[in-house]
Amino acid sequence: MRFACLQINYPHLSDQVESAGISLFNNEWSNIYDFTPVEHASNFSLLPETAKFDTYLTRDHVSSVSNSEKVEFSSHNSIYPLTVGNRSELDGFGKSALLSLFLGRNGKHSEVDTVLKHVQKSECRLRRSKDTKMNTDTIIRIYGGAENMQNFSKFAKEGSVIGFEVEGDIDTLRKSLPQPQDILVYLSIDGTSSKDINNFFNYVDMTMST
């Protein structure tokens, strides 16, 4: 079995996801549990980062699906952010940092898209992402040293917090990271990045498992 982050879009997909109450950013594709592990081997692998889903379909399947739903299998148009997962070949790709977006009451997904497109242009990759709710105590524990912590707490009370583990040229990204009007953007600094990443994703994993 081989796995990858599905990149897909078609008319009304965004409406369907919203109606189902599903977050585009809680994508568990790389959190794979092997029920029958084999010693010194693996029962699954990851597809190449650039893999396109339609490559693994028969010609008849691609034709019928594309014609009936106008489906696009492209990372450029996918509503799901492309995350690379736990790919060992990407270890050492660059620095890592926690990128957090606080949506607040008026935050729009179009503003999230603006930030993510800039991340891609900066030659950085998203390893994983999570969308969660946070109270003030959790904000203090994870972002307590940040200058804008009080505003983070205010926005978190009104909306969700989306976190990304970002890898690549973090220094260049930091210099040009956009600050949309209705969301707050946080990018961890070198001295706290590892701790911030662990604290954020450990918190989300605990809350999602309870």
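Colleague: What makes β3 and β6 count as a pair of strands in this predicted model?

Modeller: Two strands pair if at least two bridges are found between them, and four bridges join strand β3, residues 95–102, to β6, the two running antiparallel. One of the places where they meet is leucine 99, whose bridge partner in β6 is leucine 187, and another is leucine 101, which stands opposite valine 185.

Colleague: How do you know that β3 also pairs with β5, and which residue of β5 is the bridge partner of leucine 101?

Modeller: The threshold is again at least two bridges, and β3 and β5 have eight, in the antiparallel sense. The bridge partner of leucine 101 in β5 is isoleucine 162.

Colleague: What is the order of the strands in the open sheet, and why are β4 and β6 said to stand at the edges?

Modeller: The order of the four strands is β4-β5-β3-β6, with antiparallel pairing. β4 (125–132) and β6 (184–187) each have a single partner strand, so one side of each is left without a neighbour in the sheet, and they stand at the edges. From one strand to the next, the twist averages 15 degrees.

Colleague: What makes β5 a mostly covered strand?

Modeller: Buried means under 20% relative accessible area, and eight of the eight residues of β5 are buried. In a regular strand the side chains alternate between the two faces of the sheet. In β5, Val161, Gly163, Glu165 and Glu167 lie on one side and Ile162, Phe164, Val166 and Gly168 on the other, and all are buried, so that both faces are covered.

Colleague: Which helices lie across β3?

Modeller: Among them is helix α3 (residues 109–121), which lies across β3, β4, β5 and β6 and runs at about 165 degrees to β3. Helix α4 (residues 136–143) lies across β3, β5 and β6, at about 155 degrees to β3. As for α5, its buried residues are Met149, Phe152, Ser153, Phe155 and Ala156, and they pack against β3, α4, β5 and β6.

Colleague: Why is the pair of phenylalanine 102 and tyrosine 143 called edge-to-face?

Modeller: Ring centres must lie within 6.5 Å for a pair, and planes over 60 degrees apart count as edge-to-face. Phenylalanine 102 and tyrosine 143 are 5.3 Å apart, centre to centre, with 65 degrees between the planes, and the pair is therefore edge-to-face. Phenylalanine 102 lies in strand β3 and tyrosine 143 in helix α4, so the pair ties together parts that are 41 residues apart in sequence. Phenylalanine 102 is buried, at a relative accessible area of 0%, and tyrosine 143 counts as buried at 1%. Tyrosine 143 also forms an edge-to-face pair with tyrosine 186, at 5.1 Å centre to centre and 85 degrees between the planes. Phe102, Tyr143, Phe152 and Tyr186 form one aromatic cluster.

Colleague: How do you know whether serine 160 is buried or exposed?

Modeller: The relative accessible area of serine 160 is 13%, and the limit for buried is under 20%, so serine 160 is buried. Serine 160 is found in the loop between α5 (149–158) and β5 (161–168).

Colleague: What makes the approach of the serine 160 side chain to that of aspartate 131 a polar contact?

Modeller: The two side chains come to 3.1 Å, and the limit for such a contact is 3.5 Å between N or O atoms. Leaving aside its neighbours within four places in sequence, serine 160 is in contact with residues including Leu101, Phe102, Asp131 and Thr132.

Colleague: What is noted about phi at histidine 40, and is that residue buried or exposed?

Modeller: Most residues other than glycine have a negative phi. Histidine 40 has a positive phi of about 60 degrees although it is not a glycine. Its relative accessible area is 79%, and exposed means over 50%, so histidine 40 is exposed. Glutamate 123, in the loop between α3 and β4, likewise has a positive phi, near 60 degrees, and counts as exposed at 62% relative accessibility.

Key. Residues numbered from 1 in each chain as written. Predicted model: local features only at pLDDT ≥ 70, side-chain atom pairs only at ≥ 80, totals over all residues. Heavy atoms only, no water. Buried < 20%, exposed > 50% of the residue type's maximum accessible area, 1.4 Å probe, protein only. Polar contact = N/O pair within 3.5 Å; in protein donor to acceptor, adjacent residues only side chain to side chain. Contact = heavy atoms within 4.5 Å. Axes fitted to C-alpha atoms, helices over the stretch in contact; angles between N-to-C directions. Phe/Tyr/Trp six-rings, centres within 6.5 Å; stacked < 30°, edge-to-face > 60°.
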